[in-house]
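Subject: Structure handover

Dear colleague,

Here is the structure I said I would pass on. My notes on it follow below.

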Amino acid sequence: MHPVYISDNKEETTLIQAYCNDSIGIILPETVEFLNAVEIEVKVPQSFVNEYAFFEGYGIYFDVTPEIKASTMDYKGTNLSFSPFSEKITTVLQIPVNKNHGLKSSVYSTVVEIPDRKNNQIIFRLMPLMKGLDDSFFSTPIEVRVKSILSDEGAFKLKIQKPENFSQDEVITVYVDGNLLENYDYTKLNPGMHHLSVISENFRQETRNFSIKKGETLEMEISLRDITPVVSFVAPEGARLYFDDIEITDTNKKELKTTPGPHKIKCIIGDFEITRVLDAEKGGVYSVSMLLNIDITKIE
């Protein structure tokens, strides 16, 4: 028995040198998100085909018990398919795992559908179809490749951190590539670049660009930020600052929250006074600086 463990998020190929009586145990992942199918490619030497065509066959079994191990020889399972090998050097079988697999049989491969399976174990068994075959038949290596085929998609998980003042009545709308995303906790997307927008009435719009890779899940976290305008102040020591005629103290100099709209800012240093108007916008962050400079210019 040759056990092969199949990944749900990586396309991997396992090469096995088998012989005419060997079995390959395929262990599927417990949870399937991205795995679309398992491909089995069997390749024999041309000399084997010339001499022993139709003397060797294969069987596929599902719902196999007990647990597949290299040391275990006896198993029970439901026969899914049985067929002799033809005169082809290479035989390709595809066993879908996803119901919406989209695979079809062709001249290059055969799709073998599994009915509703009860466990995650499959056995592919090589077997002679005649007795009295010579030693060269049993000693000829048969190359078997077991490959996982992923669906052409990845997944996206968005977690939105909400501030303490968040109201349960607040509506958050999430768009990906301009399309409304109703279930942003988990959604599948095509591989490639995507654009995210998170919109709410009382918080800032958050936008991100992100990339989705085939078979991978991208997790992103966004913290909602208040749209209340914020103003900070920088002024020389001894200067007196006023915001809408209310003096600015050291406690609110670093961050003063205000309302959208026009506000009067005044700075006084000694007998010198300057006044400006700040037109604050929703979500705006402003820095008000008063700087004193001495310019020296050579006249002659």
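Helices (H or I, at least four residues) and strands (E, at least two) are DSSP runs, numbered from the N terminus. The model is predicted, so local features need pLDDT of at least 70 and side-chain atom pairs count only at pLDDT 80 or more, while totals for chains, interfaces and linings use all residues. Residues are numbered from 1 along each chain as its sequence is written, and side-chain values use heavy atoms, with hydrogens and water left out.

Cavity and pockets

The search ran on a 1 Å grid over the protein atoms alone: a cavity is a set of points where a 1.4 Å probe fits but cannot get out, and a pocket is an open set with protein on both sides within 12 Å along at least five of seven lines. Lining residues have an atom within 4 Å of a point. Grid points are joined across faces, edges and corners, and a volume is the space filled by probe spheres set on the points.

Across the whole structure, 1 cavity of 30 Å³ or more turns up. The largest cavity holds about 90 Å³. It is lined by 13 residues, with Val44, Phe48, Phe85, Ser86 and Lys88 closest to its centre. Helix α1 (residues 46-52) supplies the largest share of this lining, 3 residues. For residue classes, Ala, Val, Leu, Ile, Met, Phe, Trp, Tyr, Cys and Pro count as nonpolar, Asp, Glu, Lys and Arg as charged, and the others, Gly among them, as polar. On that basis the lining of the largest cavity has 9 nonpolar, 2 polar and 2 charged residues.

The largest pocket has a volume of about 270 Å³. Its lining has 13 residues, and Ser23, Met73, Tyr75, Ile123 and Arg125 lie nearest the centre. The elements that contribute two or more residues to this lining are β5 (56-65), β6 (76-84) and β9 (121-128). By class, the lining of the largest pocket splits into 6 nonpolar, 4 polar and 3 charged residues.

Among the residues that line it are His101, Glu113, Asp116 and Arg117. Its lining comprises 4 nonpolar, 2 polar and 4 charged residues.

The loop between β7 and β8

Histidine 101 sits in the loop between β7 and β8. Its relative accessible area is 12%, so it is buried (under 20%; exposed is over 50% and partly exposed in between, with a 1.4 Å probe and protein chains only). The side chain of histidine 101 makes a polar contact with that of glutamate 113 at 2.7 Å. A polar contact here is a pair of N or O atoms within 3.5 Å; within protein, one must be able to donate a hydrogen and the other to accept it, and residues adjacent in sequence count only if both atoms are side-chain atoms.

Leucine 103 is in the loop between β7 (90-96) and β8 (110-111), and is partly exposed at 21%. Leaving out residues up to four places away in sequence, leucine 103 touches Asn36, Ala37, Gln94, Pro96 and Val111 (heavy atoms within 4.5 Å).

Aromatic pairs

Rings of Phe, Tyr and Trp (its six-membered ring) pair if their centres lie within 6.5 Å; planes under 30 degrees apart count as stacked, over 60 as edge-to-face and the rest as tilted. The count by this rule is 5 aromatic pairs. One of them is edge-to-face, between phenylalanine 233 and phenylalanine 243, with 6.1 Å centre to centre and 80° between the planes. Phenylalanine 233 belongs to strand β18 (residues 230-234) and phenylalanine 243 to strand β19 (residues 240-243), so the pair ties together parts 10 residues apart in sequence. Phenylalanine 233 is buried at 5%, and phenylalanine 243 is buried at 6%. Ring pairs also join Tyr58, Phe85 and Phe124 into a cluster.

Backbone points to check

Threonine 65 and proline 66 are joined by a cis peptide bond, with omega about -5°. Proline 66 lies in the loop between β5 and β6. Aspartate 63, in strand β5, has a positive phi near 50° without being a glycine, and is buried at 15%. Aspartate 244 likewise is not a glycine and has a positive phi of about 55°. Aspartate 244 lies in the loop between β19 and β20 (246-247) and is partly exposed at 33%.

Regards
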